[in-house]
Amino acid sequence: MANYNAIKYDGFSKGSLTLIKTLTASSDDTLEFVDGTSSVVLDSTYKEYMFIFNNLHVSADNADFVWQANAAGGSGYNETITSTYFRSHFLEGGSDEFLIYNTTNDQAQGTGFNPLLKELGYDNDQSGSGYLHLFNPSGTTFAKHFISKCHAHGAVDSAVTNFTAGYLNTTSAIDEVQFIMSSGDIDAGTIQLFGVA
Amino acid sequence: MATYQDSRYNIALPSGSGGAIVPIKTLTASSSDDLSFVNGSSDVVLDNTYRTYIFKFINIHPSTKSAFTVNFRDGSSAYDATKTTTFFTCHHGEDDSPTTLQYAAGSDMAQGTGFQNINYEIDTDNDSNVSGEMYLFSPSSTTYVKHFMIESSATSDDGGDQITRAFAAGICNVTAAIDAVQFKMSSGTIDAGTIKLYGIA
């Protein structure tokens, strides 16, 4: 028997993605999602969370948009990360088209901020958009996997698709996530947090 | 009080939240020259109602061996927004060859206005098709360029039947709002298939 969902939506289940929180940047040094603060849910309510980035604009040319996490009860955004990074790239001028793994942007048990968007341009019309999936952050058995794909309008007038993935190598629950720029601030743009039911 | 959503999914949703993926429009091809989503036409919403839009294309089948493509309208009546894009693919043949991952320079664009390839050519075997999705971010912005990212999987024929997974992404390098998106084959018609448009609230 067809259920309401099948009849009405014929595709996604309407409850499958739930908006939890929208943060809008305005020359912010950081944007943070902390479970239990400002209506943010980042716990066992959902097995998967999705952050969507729209038109992030940097104050400093060539800055990277990066992120880190903090374990419940911990201090500092400095979880251990092992990650991969590759990108496809093409200049508006028609050169430098390539697909490359970039070893300077991955981490091997590092505790630094992990890149999502590299080398953003700061012209008035330049920005970056994309998404980050974070799986089961509240688990206390497994490492925490993440997958991201983001597209940047690069500082050298390029189209750059950034692919990052990895895991927070901790069995502690993750309940805080922070986003920053590698230099300058997050001049504008939105980050939305969704729970995936 | 339990809500419909609670009972349907057997989960307690946080207070004040709701379903965030909103179906907007489904188009079904039938030997169609193109499938177009035009804001304000036929119940299509493609404006600042949503920040992020997702197009799902399912079982797109061509009438002639050709590539499934997309373009964007930025103010005029034509689908010709200026784009800079990247494109790469991985392949695996049904006979175990090729097995490749490669940047495809012939399918990207540098400030081009033509239709962007979503995948390589799909042959016309009855079971051949392409399926995938495209994210389009903030199409109504009049400040920034418009980012889009496409992933698809096709049953293609490039010297032998194979899967081709393609990754296309780029910008419409315009600050004018994008108010319509058109899909079509590089030649012939879209013989069959479905494209769904969703808004993410």
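Of the 201 residues in chain B, 52% are buried. The model is a predicted one. This briefing covers the make-up of chain B and then the second largest pocket, whose lining includes residues of chain A, such as A:Asn54, and of chain B, such as B:Asn48.

**Fold of chain B**
- Chain B contains 13 strands and 1 helix.
- In sequence order, the elements of chain B run α-β-β-β-β-β-β-β-β-β-β-β-β-β.
- Chain B is as compact as a globular protein of its length, because its radius of gyration of 18 Å is close to the 17 Å that the globule rule gives for 201 residues.

**Extent, contacts and surface of chain B**
- The C-alpha trace of chain B spans about 60 × 40 × 30 Å along its principal axes.
- Of the contacts in chain B between residues at least 6 apart in sequence, 74% link residues at least 24 apart.
- Chain B has an accessible surface of about 7900 Å², and carbon and sulfur atoms account for 44% of that surface.

**Second largest pocket**
- The second largest pocket holds about 180 Å³ of space.
- From chain A, the lining of this pocket takes in A:Asn54, A:Asn55, A:Gly189 and A:Thr190.
- Strand S3 (48-58) and strand S13 (186-196) of chain A are the elements that contribute two or more residues to this lining.
- From chain B, the lining residues include B:Asn48, B:Tyr50, B:Arg51, B:Ser138, B:Ser140, B:Ser141, B:Thr143 and B:Tyr144.
- Sorted by class, the lining of the second largest pocket comprises 9 polar, 2 nonpolar and 1 charged residues.

Methods:
Residues are numbered from 1 along each chain as its sequence is written. Chains are lettered from A and ligands numbered from 1 in the order in which they are written. This is a predicted model: local features need pLDDT of at least 70, side-chain atom pairs count only at pLDDT 80 or more; totals for chains, interfaces and linings use all residues. Side-chain values use heavy atoms; hydrogens and water are left out. On a 1 Å grid over the protein atoms alone, a cavity is a set of points where a 1.4 Å probe fits but cannot get out, and a pocket is an open set with protein on both sides within 12 Å along at least five of seven lines; lining residues have an atom within 4 Å of a point. Grid points are joined across faces, edges and corners, and a volume is the space filled by probe spheres set on the points. Helices (H or I, at least four residues) and strands (E, at least two) are DSSP runs, numbered from the N terminus. Ala, Val, Leu, Ile, Met, Phe, Trp, Tyr, Cys and Pro count as nonpolar, Asp, Glu, Lys and Arg as charged, and the others, Gly among them, as polar. The radius of gyration is taken over C-alpha atoms; the globule rule is 2.2 Å times the number of residues to the power 0.38. Buried means under 20% relative accessible area, exposed over 50%, partly exposed in between (1.4 Å probe, protein chains only). Contact means heavy atoms within 4.5 Å. Accessible areas come from the Shrake-Rupley method with a 1.4 Å probe; for residues, only the protein chains shown count as cover.
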